[in-house]
Amino acid sequence: MRVDAVYENARLLTGDGATGNGALAVLHGRVVALGADAEELSARTRIDLGGAHVVPGFHDAHNHMAWFGMGLDDVPLSDCRTVEEVYDAVAHRAAELPAGSWVVGSGYDQNKLAGGAHPDRHGLDRAAPGMLVRLKHTSGHMTVVNSAVLHQLDLAHVPVGGDVVLDAEGSATGLLREQAQLLLRPLTYPAPIDAVVRGLDRASERFLAEGITSVQEAGIGGGLVGETPAELAAYQLARERGVLRVRSTVMVAASVLHDLPDGAGFGLDLGLRTGFGDEWLRVGPMKLFADGSLVGRTCAMHEPFAGEPGNRGYFQVPEEELTRTIRLAHDAGWQIATHAIGDRAITVVLDAYEAALVASPRKDHRHRVEHCAVLPPAELARLASLGLIASPQGRFVNELGDGMRAALGEERVPWCYRLRSVLDAGVELPASSDRPVVDGAPLLGLADMVNRRTASGAPFSPGEALTPAEALRAYTYGSAYATFAEGDLGTLEPGKLADFVALSGDPLSDLDGVRVLATAVGGELRYEAP
């Protein structure tokens, strides 16, 4: 047999327990042989990997690719440490633009700003007079706008599940939380299709450089994270143009699903639901928001946030609507991915899943709890018994951990972004970043899943740490399993897609200094380090 390519001189970590030096052979985009069997094959191309460590391609199970790519031109605010630095960054960008332009920034975190305060409309007015300003919080769950924008919003009709923050005099500060951000839609939505395509192009180029070969886009078409009602068309167009460079499973916002005629269930027009598509672009779960943000202190909690005795957060939709939507989607055959961060939200979501499964049992549903951030022991046991998948972000511990500790208080930190406990409960664990909420490079995520330290260096529930091998499995097989793709992805075995990463060092030893040398998708090198 003559194959398309043989990659030689590799240290293989196949993900199925096999290791060793050798080769990997590819035919029609799939692995056909490993080790000595691959070496012996005739090939059109032979590529020397120079002794690199080769692992399955990294798979981010929860990210926002379009949002990330489209935001690369925003004013970067993640490094700001005072509100004045935020205003200075806005002023600098405003000086480069014509009067009346939008100044858009992203990535600020009030937990990292001296004094813990959000920017406000008055400061933005001074920084960018005559401009339209909106700044996205790093969580994506709140936005600050200046007066020029605020005066164009229908503040008399704030959507349920959100709020407009007021100052001591009862005036709007410019901070819009959760569903209140939808007030901006008449000014900013929908994004042009070509802008979304360009964002996907730029994002997937970055992903390949970081070893990411497949992703799950956590919400398209509507809701807080959708860019346009025609977002799936943008993905298709990006694929046709050859700029969708990583395999993509898209989660569809619950707000765009509806009852179908003739008893066809609850879904998209034409009856589309989870699983439609191919190895490059697939419809994945329905994406549903239960609550908000932990670092933003809007997620639904049983007990108040530390230092805020009257604040237990809130739900983004009424609880009865949440339960109804989950039941309809479950009955219609959808996989469901519900954003639930606070322990109260997790309880309600598990109640809804349990009710749906009792009424309509379904094997291997793989319903998910996205983030699953504050997970008490009793709910962990129930999650496992229901066959659910928790989808936490190990990277949050580093970038957001100090803010999460401040929000929870020390006694609840052991329940936060649990990894070891999820695995020990028998639940298959995926790995993800929620990018652009944090830096989504998988090598950083792997290190944080093992080290469990905040940006200040403080240990964060170290008993929840994983071994390097467990972290690598989560970022490969675990994420593939979470989207029913483990038959094609997640390990390097004959018959599976030839998606792999060549690394400069052993990811099972010490990740310090390890970098991505090359990334292959379908057996073709799509990235080579300069």
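The structure is a predicted model, in which local features need pLDDT of at least 70 and side-chain atom pairs count only at pLDDT 80 or more, while totals for chains, interfaces and linings use all residues. Residues are numbered from 1 along each chain as its sequence is written, and side-chain values use heavy atoms, with hydrogens and water left out.

## Overall build

The protein chain holds 16 helices and 23 strands, where helices (H or I, at least four residues) and strands (E, at least two) are DSSP runs numbered from the N terminus. Its radius of gyration is 23 Å, close to the 24 Å that the globule rule gives for 530 residues, so the chain is as compact as a globular protein of that length; the radius is taken over C-alpha atoms, and the rule is 2.2 Å times the number of residues to the power 0.38. Along the principal axes, the C-alpha atoms fill a box of roughly 80 × 55 × 50 Å.

Of the 530 residues, 59% count as buried, a class that means under 20% relative accessible area, against over 50% for exposed and in between for partly exposed (1.4 Å probe, protein chains only). Among contacts (heavy atoms within 4.5 Å) between residues at least 6 apart in sequence, 72% join residues at least 24 apart.

## A buried glutamine

Gln216 lies in strand 13 (residues 212-220) and is buried, with a relative accessible area of 0%. Leaving aside residues up to four places away in sequence, Gln216 touches several residues, among them His59, Asp60, His62, Arg368 and Thr483.

## Salt bridges

The whole structure contains 34 salt bridges, each being a side-chain nitrogen of Lys or Arg within 4 Å of a carboxyl oxygen of Asp or Glu. The table gives three of these pairs.

| Pair | Closest N and O atoms |
|---|---|
| Arg202 and Asp73 | 3.1 Å |
| Arg382 and Asp351 | 2.9 Å |
| Glu399 and Arg395 | 3.0 Å |

The pair of Arg202 and Asp73 links distant parts of the chain, 129 residues apart, with Arg202 in helix 7 (residues 193-209) and Asp73 in the loop between helix 2 (65-70) and strand 7 (75-76). Arg202 is partly exposed at 25% relative accessible area, and Asp73 is partly exposed at 39%.

In the pair of Arg382 and Asp351, Arg382 belongs to helix 11 (residues 377-385) and Asp351 to helix 10 (residues 343-359), 31 residues apart. Arg382 is buried at 16% relative accessible area, whereas Asp351 is partly exposed at 40%.

Glu399 is buried at 18% relative accessible area, and Arg395 is buried at 10%. Elsewhere, a network of salt bridges links Arg30, Arg247, Glu279, Asp488 and Asp499.
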